[in-house]
Amino acid sequence: MAQEDVFKKIVSHCKEYGFVFPSSDIYDGLAAVYDYGQNGVELKNNIKQYWWQSMVLLHNNIVGIDSAIFMHPTTWKASGHVDAFNDPLIDNRDSKKRYRADVLIEDQLAKYEEKMDKEVAKAAKKFGDSFDEAKFRETNPRVLENQRKHDELHARFAEAMESNNLEELKQIIIDEGIVCPISGSKNWTDVRQFNLMFSTEIGASADSASKIYLRPETAQGIFVNFLNVQKTGRMKLPFGIAQIGKAFRNEIVARQFVFRMREFEQMEMQFFCQPGTEMEWFNYWKQYRLAWHQALGMGNDNYRYHDHEKLAHYANAATDIEFRMPFGFKEVEGIHSRTDFDLSQHEKYSGRQIKYFDPERNENYTPYVVETSIGVDRMFLTVMCHSYTEEQLENGSTRVVLRLPEPLAPVKCAVLPLVNKDGLPEKAQEIVNDLKFHFNTTIEAKDTIGKRYRRQDAIGTPFCVTVDGDTLNDNCVTLRHRDTMEQERVPIAKLREIIEDRVSITSVLKKLDVK
Ligand code: ATP
(Lines give C-alpha, C1' and ligand atoms only; values in the text may rest on other atoms or scores of the structure.)
Protein backbone atom coordinates (compact mmCIF):
# COMPACT_ATOMS: atom_id res chain seq x y z
CA MET A 1 0.00 0.00 0.00
CA ALA A 2 1.32 3.48 -0.85
CA GLN A 3 2.53 5.38 2.20
CA GLU A 4 0.06 8.20 1.52
CA ASP A 5 -2.80 5.72 1.71
CA VAL A 6 -1.44 4.32 4.96
CA PHE A 7 -1.40 7.81 6.40
CA LYS A 8 -4.99 8.46 5.32
CA LYS A 9 -6.03 5.22 6.99
CA ILE A 10 -4.31 6.23 10.21
CA VAL A 11 -6.14 9.58 10.20
CA SER A 12 -9.53 7.96 9.70
CA HIS A 13 -8.75 5.24 12.24
CA CYS A 14 -7.98 7.98 14.77
CA LYS A 15 -11.42 9.46 14.20
CA GLU A 16 -13.36 6.21 14.04
CA TYR A 17 -11.94 4.90 17.30
CA GLY A 18 -12.12 8.03 19.43
CA PHE A 19 -8.46 9.10 19.30
CA VAL A 20 -8.54 12.41 17.41
CA PHE A 21 -11.44 14.46 16.04
CA PRO A 22 -11.26 17.61 13.93
CA SER A 23 -11.92 20.54 16.25
CA SER A 24 -15.51 21.87 16.18
CA ASP A 25 -16.37 18.94 13.93
CA ILE A 26 -20.07 19.85 13.64
CA TYR A 27 -18.99 23.15 12.05
CA ASP A 28 -16.74 21.27 9.60
CA GLY A 29 -13.61 21.66 11.69
CA LEU A 30 -10.99 24.36 12.10
CA ALA A 31 -7.80 24.08 10.07
CA ALA A 32 -4.87 22.56 11.97
CA VAL A 33 -6.76 22.35 15.26
CA TYR A 34 -7.78 18.99 16.70
CA ASP A 35 -9.56 17.53 19.71
CA TYR A 36 -8.49 14.33 21.43
CA GLY A 37 -11.23 11.81 22.11
CA GLN A 38 -11.75 9.26 24.86
CA ASN A 39 -8.89 7.01 23.73
CA GLY A 40 -6.63 9.76 22.42
CA VAL A 41 -6.56 11.60 25.71
CA GLU A 42 -5.51 8.44 27.56
CA LEU A 43 -2.69 7.74 25.11
CA LYS A 44 -1.58 11.37 25.26
CA ASN A 45 -1.66 11.40 29.05
CA ASN A 46 0.46 8.25 29.12
CA ILE A 47 3.04 9.86 26.83
CA LYS A 48 3.14 12.91 29.09
CA GLN A 49 3.42 10.77 32.17
CA TYR A 50 6.30 8.77 30.68
CA TRP A 51 8.14 11.98 29.79
CA TRP A 52 7.45 13.71 33.11
CA GLN A 53 8.55 10.75 35.18
CA SER A 54 11.69 10.19 33.11
CA MET A 55 12.64 13.81 33.78
CA VAL A 56 11.38 14.64 37.26
CA LEU A 57 11.29 11.23 38.92
CA LEU A 58 14.49 9.76 37.51
CA HIS A 59 16.59 12.91 37.80
CA ASN A 60 17.11 14.22 41.31
CA ASN A 61 18.16 17.55 39.94
CA ILE A 62 15.14 18.21 37.72
CA VAL A 63 11.95 19.83 38.99
CA GLY A 64 8.77 20.80 37.16
CA ILE A 65 6.68 23.92 36.85
CA ASP A 66 3.42 24.92 35.19
CA SER A 67 3.61 28.51 33.99
CA ALA A 68 0.82 30.59 32.43
CA ILE A 69 0.15 30.73 28.71
CA PHE A 70 -0.10 34.53 28.83
CA MET A 71 3.16 36.24 29.62
CA HIS A 72 4.32 39.82 29.90
CA PRO A 73 4.68 41.07 26.30
CA THR A 74 8.29 42.08 26.89
CA THR A 75 9.10 38.38 27.27
CA TRP A 76 8.69 37.99 23.51
CA LYS A 77 10.77 41.05 22.74
CA ALA A 78 13.56 39.62 24.88
CA SER A 79 13.30 36.13 23.40
CA GLY A 80 13.45 37.49 19.85
CA HIS A 81 10.03 36.17 18.87
CA VAL A 82 8.51 39.59 18.10
CA ASP A 83 11.28 40.46 15.64
CA ALA A 84 12.41 37.12 14.33
CA PHE A 85 9.78 34.40 14.72
CA ASN A 86 8.84 34.64 11.09
CA ASP A 87 8.33 32.27 8.21
CA PRO A 88 8.73 33.41 4.61
CA LEU A 89 5.43 32.84 2.80
CA ILE A 90 4.53 32.82 -0.87
CA ASP A 91 1.17 32.47 -2.65
CA ASN A 92 0.35 30.83 -5.93
CA ARG A 93 -1.99 33.16 -7.80
CA ASP A 94 -3.75 30.37 -9.70
CA SER A 95 -4.50 27.90 -6.92
CA LYS A 96 -4.68 30.66 -4.25
CA LYS A 97 -2.68 28.28 -2.06
CA ARG A 98 -0.15 29.58 0.42
CA TYR A 99 3.25 27.94 0.98
CA ARG A 100 6.35 28.41 3.04
CA ALA A 101 9.01 29.50 0.58
CA ASP A 102 11.72 27.73 2.57
CA VAL A 103 9.76 24.48 2.53
CA LEU A 104 9.26 24.64 -1.25
CA ILE A 105 13.03 24.96 -1.65
CA GLU A 106 13.74 22.23 0.90
CA ASP A 107 11.42 19.94 -1.07
CA GLN A 108 13.40 20.73 -4.19
CA LEU A 109 16.63 19.79 -2.38
CA ALA A 110 15.00 16.53 -1.34
CA LYS A 111 14.14 15.85 -5.00
CA TYR A 112 17.84 16.00 -5.96
CA GLU A 113 18.60 13.63 -3.10
CA GLU A 114 15.89 11.26 -4.24
CA LYS A 115 17.26 11.25 -7.78
CA MET A 116 20.71 10.32 -6.48
CA ASP A 117 19.30 7.62 -4.22
CA LYS A 118 17.38 6.15 -7.15
CA GLU A 119 20.54 5.92 -9.26
CA VAL A 120 22.31 4.24 -6.37
CA ALA A 121 19.47 1.78 -5.78
CA LYS A 122 19.37 0.91 -9.50
CA ALA A 123 23.10 0.27 -9.62
CA ALA A 124 23.06 -1.70 -6.37
CA LYS A 125 20.48 -4.01 -7.87
CA LYS A 126 22.48 -4.42 -11.05
CA PHE A 127 25.87 -5.08 -9.43
CA GLY A 128 24.73 -7.05 -6.39
CA ASP A 129 27.33 -7.90 -3.74
CA SER A 130 30.22 -6.33 -5.58
CA PHE A 131 28.59 -2.87 -5.48
CA ASP A 132 30.71 -0.15 -3.92
CA GLU A 133 28.29 2.68 -3.09
CA ALA A 134 30.88 5.26 -2.04
CA LYS A 135 32.83 4.78 -5.27
CA PHE A 136 29.66 4.93 -7.34
CA ARG A 137 28.62 8.21 -5.72
CA GLU A 138 32.07 9.67 -6.41
CA THR A 139 32.18 8.70 -10.07
CA ASN A 140 28.74 8.30 -11.65
CA PRO A 141 28.11 11.34 -13.90
CA ARG A 142 24.36 11.52 -13.21
CA VAL A 143 24.89 11.35 -9.45
CA LEU A 144 27.65 13.95 -9.66
CA GLU A 145 25.48 16.30 -11.72
CA ASN A 146 22.61 16.06 -9.20
CA GLN A 147 25.02 16.49 -6.32
CA ARG A 148 26.39 19.65 -7.91
CA LYS A 149 22.90 21.07 -8.43
CA HIS A 150 21.96 20.14 -4.87
CA ASP A 151 25.05 21.74 -3.34
CA GLU A 152 24.71 24.94 -5.35
CA LEU A 153 21.07 25.28 -4.39
CA HIS A 154 21.83 24.50 -0.76
CA ALA A 155 24.51 27.19 -0.58
CA ARG A 156 22.31 29.79 -2.27
CA PHE A 157 19.35 28.92 -0.05
CA ALA A 158 21.40 29.04 3.17
CA GLU A 159 22.77 32.45 2.26
CA ALA A 160 19.32 33.84 1.42
CA MET A 161 17.88 32.56 4.71
CA GLU A 162 20.84 33.84 6.67
CA SER A 163 20.57 37.33 5.24
CA ASN A 164 16.77 37.32 5.26
CA ASN A 165 16.80 38.02 1.53
CA LEU A 166 13.19 37.52 0.45
CA GLU A 167 13.74 38.58 -3.20
CA GLU A 168 16.46 35.97 -3.50
CA LEU A 169 14.15 33.27 -2.09
CA LYS A 170 11.63 34.10 -4.80
CA GLN A 171 14.35 34.15 -7.44
CA ILE A 172 15.48 30.68 -6.34
CA ILE A 173 11.92 29.38 -6.72
CA ILE A 174 11.75 30.83 -10.23
CA ASP A 175 15.23 29.67 -11.28
CA GLU A 176 14.55 26.13 -10.06
CA GLY A 177 11.26 26.09 -11.96
CA ILE A 178 9.33 25.10 -8.83
CA VAL A 179 5.62 24.72 -9.57
CA CYS A 180 2.60 24.79 -7.29
CA PRO A 181 1.66 21.17 -6.53
CA ILE A 182 -2.04 22.05 -6.90
CA SER A 183 -2.23 24.28 -9.99
CA GLY A 184 1.05 23.18 -11.56
CA SER A 185 1.78 26.83 -12.38
CA LYS A 186 4.72 29.11 -11.66
CA ASN A 187 2.50 32.16 -11.10
CA TRP A 188 4.00 33.15 -7.72
CA THR A 189 3.55 36.30 -5.63
CA ASP A 190 6.47 37.96 -3.87
CA VAL A 191 7.78 36.35 -0.69
CA ARG A 192 6.66 38.06 2.52
CA GLN A 193 7.56 37.59 6.17
CA PHE A 194 4.84 36.33 8.43
CA ASN A 195 5.02 36.34 12.24
CA LEU A 196 3.78 33.08 13.70
CA MET A 197 2.60 34.42 17.05
CA PHE A 198 -1.10 34.81 17.76
CA SER A 199 -1.89 38.07 19.49
CA THR A 200 -4.84 39.21 21.53
CA GLU A 201 -5.65 41.97 24.00
CA ILE A 202 -5.68 41.90 27.76
CA GLY A 203 -7.63 44.31 29.95
CA ALA A 204 -11.26 45.27 30.45
CA SER A 205 -11.49 48.50 28.49
CA ALA A 206 -10.11 49.47 25.15
CA ASP A 207 -7.89 52.21 26.68
CA SER A 208 -6.14 49.96 29.07
CA ALA A 209 -5.95 47.15 26.56
CA SER A 210 -2.53 45.99 25.67
CA LYS A 211 -1.40 43.54 23.08
CA ILE A 212 -0.27 40.21 24.40
CA TYR A 213 0.60 36.91 22.76
CA LEU A 214 -0.38 33.30 23.14
CA ARG A 215 2.98 31.67 23.90
CA PRO A 216 4.58 30.02 20.86
CA GLU A 217 6.74 27.80 23.13
CA THR A 218 6.72 26.82 26.79
CA ALA A 219 10.45 27.46 27.29
CA GLN A 220 10.16 31.17 28.10
CA GLY A 221 7.95 30.37 31.10
CA ILE A 222 10.91 28.40 32.45
CA PHE A 223 13.48 31.13 31.81
CA VAL A 224 11.46 33.86 33.53
CA ASN A 225 11.06 31.56 36.55
CA PHE A 226 14.72 30.57 36.73
CA LEU A 227 15.46 32.64 39.83
CA ASN A 228 12.16 31.76 41.57
CA VAL A 229 12.81 28.04 41.25
CA GLN A 230 16.53 28.20 41.90
CA LYS A 231 16.09 30.22 45.10
CA THR A 232 12.97 28.56 46.53
CA GLY A 233 14.17 25.08 45.61
CA ARG A 234 17.76 25.85 46.69
CA MET A 235 18.85 24.30 43.44
CA LYS A 236 22.54 23.88 42.66
CA LEU A 237 23.95 23.78 39.15
CA PRO A 238 23.60 21.69 37.13
CA PHE A 239 19.83 21.42 37.38
CA GLY A 240 16.81 21.34 35.11
CA ILE A 241 13.28 22.71 35.00
CA ALA A 242 10.65 20.74 33.08
CA GLN A 243 7.27 21.84 31.84
CA ILE A 244 4.40 20.43 29.79
CA GLY A 245 1.92 22.86 28.27
CA LYS A 246 0.10 24.30 25.30
CA ALA A 247 1.83 26.40 22.67
CA PHE A 248 0.33 28.28 19.73
CA ARG A 249 1.71 29.05 16.30
CA ASN A 250 -0.16 30.51 13.37
CA GLU A 251 1.41 28.00 10.98
CA ILE A 252 1.18 29.04 7.33
CA VAL A 253 0.87 25.56 5.97
CA ALA A 254 -1.35 23.36 8.06
CA ARG A 255 -1.03 19.85 6.72
CA GLN A 256 -0.27 16.36 7.88
CA PHE A 257 -2.80 16.03 10.65
CA VAL A 258 -1.41 16.54 14.16
CA PHE A 259 2.14 16.88 12.82
CA ARG A 260 1.76 20.62 12.36
CA MET A 261 -0.98 22.23 14.41
CA ARG A 262 -1.88 25.78 15.34
CA GLU A 263 -2.57 24.80 18.95
CA PHE A 264 -0.34 22.04 20.26
CA GLU A 265 1.40 20.81 23.35
CA GLN A 266 5.08 20.77 24.19
CA MET A 267 7.20 18.98 26.75
CA GLU A 268 10.29 21.05 27.34
CA MET A 269 13.16 20.84 29.77
CA GLN A 270 15.80 23.51 30.21
CA PHE A 271 18.98 22.24 31.81
CA PHE A 272 21.11 24.94 33.45
CA CYS A 273 24.82 24.24 33.73
CA GLN A 274 28.21 25.88 34.19
CA PRO A 275 29.55 27.59 31.06
CA GLY A 276 32.12 25.26 29.52
CA THR A 277 30.26 22.10 30.52
CA GLU A 278 27.43 22.57 28.01
CA MET A 279 28.81 20.23 25.35
CA GLU A 280 29.09 17.42 27.86
CA TRP A 281 25.44 17.98 28.82
CA PHE A 282 24.36 18.42 25.24
CA ASN A 283 25.81 15.00 24.44
CA TYR A 284 24.24 13.50 27.55
CA TRP A 285 20.77 14.79 26.63
CA LYS A 286 21.16 13.85 22.99
CA GLN A 287 21.87 10.27 23.98
CA TYR A 288 19.33 10.16 26.81
CA ARG A 289 16.46 11.48 24.73
CA LEU A 290 17.09 8.95 21.97
CA ALA A 291 17.18 6.21 24.61
CA TRP A 292 13.81 7.49 25.90
CA HIS A 293 12.27 7.00 22.45
CA GLN A 294 13.95 3.66 21.85
CA ALA A 295 12.86 2.23 25.21
CA LEU A 296 9.32 2.17 23.81
CA GLY A 297 10.42 -0.53 21.38
CA MET A 298 9.23 1.14 18.18
CA GLY A 299 12.29 0.01 16.22
CA ASN A 300 15.70 1.65 16.60
CA ASP A 301 16.01 1.94 12.80
CA ASN A 302 13.05 4.28 12.75
CA TYR A 303 15.01 7.04 14.48
CA ARG A 304 17.91 9.17 13.39
CA TYR A 305 19.68 12.31 14.49
CA HIS A 306 19.76 15.30 12.23
CA ASP A 307 22.54 17.60 13.37
CA HIS A 308 21.99 21.23 12.39
CA GLU A 309 24.66 22.68 10.15
CA LYS A 310 23.21 26.14 10.33
CA LEU A 311 22.82 27.22 13.94
CA ALA A 312 20.77 30.05 15.39
CA HIS A 313 23.18 32.87 16.31
CA TYR A 314 22.93 32.08 20.03
CA ALA A 315 23.24 28.29 19.77
CA ASN A 316 26.49 26.37 19.77
CA ALA A 317 25.03 22.94 18.98
CA ALA A 318 21.66 21.61 17.88
CA THR A 319 20.24 18.34 16.74
CA ASP A 320 16.82 16.92 15.93
CA ILE A 321 15.59 13.44 16.66
CA GLU A 322 13.68 12.34 13.58
CA PHE A 323 11.22 9.48 13.23
CA ARG A 324 10.30 7.58 10.09
CA MET A 325 6.74 8.74 9.40
CA PRO A 326 4.78 7.50 6.37
CA PHE A 327 5.80 10.80 4.74
CA GLY A 328 9.53 10.41 5.46
CA PHE A 329 11.90 11.04 8.37
CA LYS A 330 10.54 14.04 10.31
CA GLU A 331 11.54 15.99 13.39
CA VAL A 332 9.87 14.91 16.61
CA GLU A 333 12.21 16.55 19.06
CA GLY A 334 14.93 19.17 19.19
CA ILE A 335 17.93 19.29 21.51
CA HIS A 336 19.64 22.66 21.57
CA SER A 337 22.60 24.13 23.36
CA ARG A 338 21.42 27.73 23.78
CA THR A 339 24.40 29.21 25.67
CA ASP A 340 23.44 32.05 28.08
CA PHE A 341 21.32 33.79 25.42
CA ASP A 342 17.87 33.54 27.02
CA LEU A 343 18.82 34.39 30.60
CA SER A 344 21.03 37.28 29.44
CA GLN A 345 18.27 38.66 27.24
CA HIS A 346 15.77 38.57 30.12
CA GLU A 347 18.33 40.22 32.35
CA LYS A 348 18.76 42.99 29.81
CA TYR A 349 15.05 43.56 29.18
CA SER A 350 13.82 43.20 32.80
CA GLY A 351 16.65 45.12 34.42
CA ARG A 352 16.88 42.37 37.07
CA GLN A 353 20.06 40.49 37.68
CA ILE A 354 19.54 36.87 36.61
CA LYS A 355 22.67 35.12 37.76
CA TYR A 356 23.65 32.08 39.74
CA PHE A 357 25.85 32.40 42.78
CA ASP A 358 28.25 29.48 42.70
CA PRO A 359 29.29 28.78 46.30
CA GLU A 360 32.22 26.62 45.23
CA ARG A 361 33.68 29.19 42.88
CA ASN A 362 32.47 32.05 45.07
CA GLU A 363 31.25 34.03 42.05
CA ASN A 364 28.13 35.06 40.16
CA TYR A 365 27.63 34.02 36.57
CA THR A 366 24.91 33.40 33.98
CA PRO A 367 24.35 29.67 33.53
CA TYR A 368 24.38 28.04 30.09
CA VAL A 369 21.32 26.13 28.93
CA VAL A 370 20.75 22.86 27.11
CA GLU A 371 17.15 22.42 26.04
CA THR A 372 15.17 19.33 25.09
CA SER A 373 11.91 20.13 23.34
CA ILE A 374 9.38 17.62 22.08
CA GLY A 375 5.83 18.03 20.80
CA VAL A 376 3.29 15.78 22.54
CA ASP A 377 1.15 15.64 19.41
CA ARG A 378 4.05 14.72 17.14
CA MET A 379 5.05 12.03 19.59
CA PHE A 380 1.45 10.82 19.55
CA LEU A 381 1.65 10.66 15.77
CA THR A 382 4.88 8.62 15.78
CA VAL A 383 3.23 6.14 18.12
CA MET A 384 0.14 5.90 15.91
CA CYS A 385 2.15 5.55 12.69
CA HIS A 386 4.29 2.85 14.19
CA SER A 387 1.39 0.96 15.73
CA TYR A 388 -1.24 0.89 12.99
CA THR A 389 -1.08 -2.54 11.36
CA GLU A 390 -3.28 -4.42 8.94
CA GLU A 391 -2.71 -8.10 9.31
CA GLN A 392 -3.72 -10.87 6.96
CA LEU A 393 -5.03 -13.78 9.04
CA GLU A 394 -4.91 -17.47 8.13
CA ASN A 395 -8.64 -17.57 7.49
CA GLY A 396 -8.23 -14.86 4.85
CA SER A 397 -9.71 -12.03 6.89
CA THR A 398 -7.89 -8.82 7.78
CA ARG A 399 -7.26 -7.71 11.33
CA VAL A 400 -6.57 -4.05 12.11
CA VAL A 401 -4.50 -3.89 15.24
CA LEU A 402 -2.78 -1.03 17.01
CA ARG A 403 0.49 -2.46 18.27
CA LEU A 404 0.92 0.32 20.81
CA PRO A 405 3.78 0.13 23.27
CA GLU A 406 1.84 -1.52 26.09
CA PRO A 407 2.45 1.14 28.77
CA LEU A 408 1.01 3.78 26.43
CA ALA A 409 -2.19 1.92 25.54
CA PRO A 410 -5.38 3.80 26.53
CA VAL A 411 -7.00 0.66 27.93
CA LYS A 412 -4.72 -1.98 29.39
CA CYS A 413 -7.21 -4.75 29.99
CA ALA A 414 -10.73 -5.51 28.75
CA VAL A 415 -12.76 -8.01 30.72
CA LEU A 416 -15.27 -9.86 28.56
CA PRO A 417 -17.99 -12.12 29.95
CA LEU A 418 -18.47 -14.86 27.33
CA VAL A 419 -22.25 -14.50 27.56
CA ASN A 420 -24.26 -11.70 29.10
CA LYS A 421 -26.03 -13.93 31.68
CA ASP A 422 -25.58 -16.82 34.13
CA GLY A 423 -23.61 -14.72 36.61
CA LEU A 424 -20.75 -14.07 34.16
CA PRO A 425 -21.23 -10.26 33.92
CA GLU A 426 -21.20 -10.07 37.73
CA LYS A 427 -18.01 -12.11 37.90
CA ALA A 428 -16.44 -9.91 35.21
CA GLN A 429 -17.40 -6.78 37.14
CA GLU A 430 -15.77 -8.22 40.25
CA ILE A 431 -12.50 -8.62 38.34
CA VAL A 432 -12.74 -5.06 36.98
CA ASN A 433 -13.41 -3.68 40.47
CA ASP A 434 -10.15 -5.18 41.62
CA LEU A 435 -7.96 -4.34 38.62
CA LYS A 436 -9.23 -0.78 38.06
CA PHE A 437 -7.15 0.51 40.96
CA HIS A 438 -3.98 -0.54 39.21
CA PHE A 439 -4.48 0.17 35.51
CA ASN A 440 -7.18 1.23 33.07
CA THR A 441 -9.59 -1.71 32.86
CA THR A 442 -12.87 -1.85 31.01
CA ILE A 443 -15.76 -4.31 30.70
CA GLU A 444 -17.52 -5.18 27.43
CA ALA A 445 -20.44 -7.54 27.20
CA LYS A 446 -22.05 -6.73 23.85
CA ASP A 447 -21.50 -8.64 20.56
CA THR A 448 -19.73 -11.90 19.84
CA ILE A 449 -16.42 -12.50 21.52
CA GLY A 450 -14.66 -12.28 18.13
CA LYS A 451 -16.06 -8.83 17.47
CA ARG A 452 -15.12 -7.67 20.92
CA TYR A 453 -11.54 -8.89 20.45
CA ARG A 454 -11.35 -6.95 17.17
CA ARG A 455 -12.63 -3.76 18.79
CA GLN A 456 -10.03 -4.02 21.52
CA ASP A 457 -7.31 -4.76 18.91
CA ALA A 458 -8.34 -1.62 17.05
CA ILE A 459 -7.73 0.59 20.10
CA GLY A 460 -4.57 -1.30 21.05
CA THR A 461 -5.70 -2.99 24.29
CA PRO A 462 -2.83 -5.36 25.13
CA PHE A 463 -4.86 -7.83 27.20
CA CYS A 464 -8.36 -9.28 27.01
CA VAL A 465 -9.67 -11.43 29.84
CA THR A 466 -12.56 -13.76 29.03
CA VAL A 467 -14.84 -14.96 31.80
CA ASP A 468 -16.68 -18.23 30.99
CA GLY A 469 -18.80 -20.80 32.79
CA ASP A 470 -15.76 -22.60 34.22
CA THR A 471 -14.54 -19.37 35.79
CA LEU A 472 -17.30 -19.58 38.37
CA ASN A 473 -15.90 -22.91 39.55
CA ASP A 474 -12.15 -22.69 39.07
CA ASN A 475 -11.56 -18.91 39.37
CA CYS A 476 -9.50 -19.01 36.19
CA VAL A 477 -9.94 -16.91 33.05
CA THR A 478 -8.63 -16.90 29.48
CA LEU A 479 -5.99 -14.24 28.97
CA ARG A 480 -5.57 -13.20 25.33
CA HIS A 481 -2.48 -11.35 24.13
CA ARG A 482 -3.09 -8.63 21.53
CA ASP A 483 -0.05 -9.08 19.30
CA THR A 484 0.18 -12.87 19.15
CA MET A 485 -3.53 -13.55 19.76
CA GLU A 486 -2.30 -16.37 22.00
CA GLN A 487 -4.60 -17.41 24.77
CA GLU A 488 -3.71 -18.93 28.12
CA ARG A 489 -5.67 -20.02 31.14
CA VAL A 490 -4.64 -18.14 34.28
CA PRO A 491 -5.97 -17.80 37.83
CA ILE A 492 -7.77 -14.50 38.48
CA ALA A 493 -5.47 -13.95 41.45
CA LYS A 494 -2.47 -13.75 39.07
CA LEU A 495 -3.97 -11.28 36.57
CA ARG A 496 -2.82 -8.11 38.25
CA GLU A 497 0.79 -9.19 38.49
CA ILE A 498 1.01 -10.54 34.93
CA ILE A 499 -0.55 -7.45 33.38
CA GLU A 500 1.00 -4.77 35.58
CA ASP A 501 4.46 -6.06 34.85
CA ARG A 502 3.96 -5.32 31.18
CA VAL A 503 1.82 -2.18 31.17
CA SER A 504 3.21 0.04 33.88
CA ILE A 505 5.16 3.17 32.94
CA THR A 506 7.71 1.94 35.47
CA SER A 507 8.50 -1.00 33.20
CA VAL A 508 9.80 1.37 30.48
CA LEU A 509 11.39 3.80 32.92
CA LYS A 510 13.54 0.95 34.21
CA LYS A 511 15.09 0.59 30.76
CA LEU A 512 16.49 4.10 30.94
CA ASP A 513 20.01 4.28 32.19
CA VAL A 514 20.42 7.35 34.37
CA LYS A 515 23.73 9.07 34.98
P1 ATP B 1 9.31 22.66 12.50
O2 ATP B 1 10.65 22.91 11.86
O3 ATP B 1 8.72 21.32 12.19
O4 ATP B 1 8.34 23.79 12.35
P5 ATP B 1 10.48 23.69 14.85
O6 ATP B 1 11.92 23.39 14.63
O7 ATP B 1 9.94 25.05 14.65
O8 ATP B 1 9.58 22.62 14.06
P9 ATP B 1 10.69 23.80 17.67
O10 ATP B 1 10.43 25.24 17.75
O11 ATP B 1 12.09 23.31 17.90
O12 ATP B 1 10.11 23.23 16.31
O13 ATP B 1 9.67 23.06 18.65
C14 ATP B 1 10.02 21.88 19.36
C15 ATP B 1 9.06 20.75 19.07
O16 ATP B 1 7.70 21.19 19.16
C17 ATP B 1 9.17 20.18 17.66
O18 ATP B 1 10.20 19.22 17.61
C19 ATP B 1 7.81 19.55 17.47
O20 ATP B 1 7.76 18.26 18.05
C21 ATP B 1 6.89 20.47 18.25
N22 ATP B 1 6.20 21.39 17.34
C23 ATP B 1 6.65 22.57 16.86
N24 ATP B 1 5.73 23.16 16.07
C25 ATP B 1 4.65 22.34 16.08
C26 ATP B 1 3.36 22.39 15.48
N27 ATP B 1 2.99 23.42 14.72
N28 ATP B 1 2.50 21.37 15.70
C29 ATP B 1 2.84 20.32 16.47
N30 ATP B 1 4.04 20.23 17.08
C31 ATP B 1 4.94 21.21 16.89
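A residue is taken as near a molecule or strand if one of its heavy atoms lies within 4 Å of it. In this predicted model, local features need pLDDT of at least 70 and side-chain atom pairs pLDDT 80 or more, while totals for chains, interfaces and linings use all residues. Residues are numbered from 1 along each chain as its sequence is written, and side-chain values use heavy atoms, leaving out hydrogens and water.

The ligand is surrounded by 14 residues. The closest are Glu251, Arg260, Met261, Glu331 and Val332. By class, this shell has four nonpolar, four polar and six charged residues. Ala, Val, Leu, Ile, Met, Phe, Trp, Tyr, Cys and Pro count as nonpolar; Asp, Glu, Lys and Arg count as charged; the others, Gly among them, count as polar. Strand 10 (263-273), strand 13 (328-339) and strand 16 (368-375) each supply at least two residues of the shell. Strand 13 gives the most, with four residues. Strands (E, at least two residues) and helices (H or I, at least four) are DSSP runs, numbered from the N terminus.

An N or O atom in the side chain of Glu251 is 2.8 Å from a ligand nitrogen atom. Glu331 places a polar side-chain atom 2.7 Å from a ligand oxygen atom. For Gln266, the distance to an oxygen atom of the ligand is 3.3 Å. Taken alone, the ligand exposes 590 Å², and the protein buries 83% of that (Shrake-Rupley method, 1.4 Å probe).

Elsewhere, Ile47, Tyr50, Trp51, Ser54 and Met55 in helix 2 meet Trp285, Tyr288, Arg289 and Trp292 in helix 11 (heavy atoms within 4.5 Å). This contact has seven nonpolar, one polar and one charged residues.

Key. A polar contact is a pair of N or O atoms within 3.5 Å; within protein, one must be able to donate a hydrogen and the other to accept it, and residues adjacent in sequence count only if both atoms are side-chain atoms.
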